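Hi everyone, thanks for making time for this one. Let me put the structure up, and then we can walk through it together.

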Amino acid sequence: MRTLLTNFRNFAFSGSLVDLAVGLAIGAAFATVVESLVGDVILPLVAAIFGAPNFDALVLTVNGGEIRYGSFLTALVSFLLLALTIMFLVQAIRRATGRETAGAQGSRECDHCKSFIPVDASVCMFCTRDVQPLAS
């Protein structure tokens, strides 16, 4: 029983799990801020331009059944505005932090030592031999 508790404590308080928890909390807070920006600032601007904040009133009736395509249009516009806002925020953060030119992501196997290295590496960090980058 003591070994089980020790293993659980080591797992629960390991660096990667704590980092994941912090990242999840910050991500949730960021999502709330972005949703508020879109819902409380950008959608009212769209409403001022097009005359309606949402399209929920748009309904098509077929054989007595209602097809509420207006709700779908509202969700679609909200999603597109949310994605556009996130894109602009990420670009601004990259410019502010100097990380605008991020390298290629992913890894591949070194031809010489079989260690995993970034795809855009020109020198293996393990065996220090020259390798041909897969991404430029």
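Before I name any element, here is the convention: helices (H or I, at least four residues) and strands (E, at least two) are DSSP runs, numbered from the N terminus. What you see is a predicted model, in which local features need pLDDT of at least 70 and side-chain atom pairs count only at pLDDT 80 or more, while totals for chains, interfaces and linings use all residues. Residues are numbered from 1 along each chain as its sequence is written, and side-chain values use heavy atoms, with hydrogens and water left out.

Confidence, then. pLDDT is the predictor's confidence in each residue, from 0 to 100. The protein chain has a mean of 83, and 92% of its residues reach 70 or more. Where is confidence lowest in the protein chain? That would be helix H1, residues 2-12, at a mean of 82, whereas S1 is highest at 91.

Now the helices. UniProt, in an unreviewed entry, lists residues 12-34 and 69-90 under "transmembrane region". UniProt positions are given in the numbering used here, feature names are shortened, and annotations may be inferred rather than shown by experiment. Over residues 69-90 the model is 100% helix and 0% strand, with 31 Å between the end C-alpha atoms. That stretch brings us to helix H3, residues 69-97: its 29 residues reach 42 Å from first C-alpha to last, close to the expected 42 Å at 1.5 Å a residue. The expected span of a helix is 1.5 Å times one less than its number of residues.

Which residues of H3 are buried? They are Gly70, Thr74, Leu81 and Thr85. By buried I mean under 20% relative accessible area; exposed is over 50%, and partly exposed is in between (1.4 Å probe, protein chains only). Phenylalanine 79 also sits in helix H3, but this residue counts as exposed because its relative accessible area is 52%.

Phe79 also belongs to a nonpolar surface patch of about 890 Å², together with Leu58, Leu60, Val62, Ile67, Tyr69, Phe72, Leu73, Leu76 and Leu80. Two elements give two or more residues to that patch: strand S1 (60-62) and H3. H3 gives the most, with 6 residues. The areas come from the Shrake-Rupley method with a 1.4 Å probe, and for residues only the protein chains shown count as cover.

How many salt bridges does a search of the whole structure find? The search turns up 1. Glutamate 66 pairs with arginine 68, with 3.9 Å between the closest N and O atoms. The criterion is a side-chain nitrogen of Lys or Arg within 4 Å of a carboxyl oxygen of Asp or Glu. Both glutamate 66 and arginine 68 are exposed.

Over to helix H2, residues 15-50, which holds alanine 28. Alanine 28 counts as partly exposed because its relative accessibility is 46%. Leucine 24 is in helix H2 too, and is exposed because its relative accessible area is 64%.

Last stop, some backbone angles. Most residues other than glycine have a negative phi. Lysine 114 has a positive phi of about 65 degrees although it is not a glycine, and lies in the loop between strand S3 (107-109) and strand S4 (116-118). Threonine 128, in the segment after S4, also has a positive phi, near 60 degrees. Threonine 128 is exposed, since its relative accessible area is 58%.

Cysteine 113 is in that loop between S3 and S4. How far apart are the C-alpha atoms of cysteine 113 and cysteine 127? They are separated by 6.4 Å, with the two cysteines 14 residues apart along the chain.

Notes
Patch = residues over 30% accessible without salt bridge, like charges linked within 9 Å, V, L, I, M, F, W, Y side chains within 5 Å.
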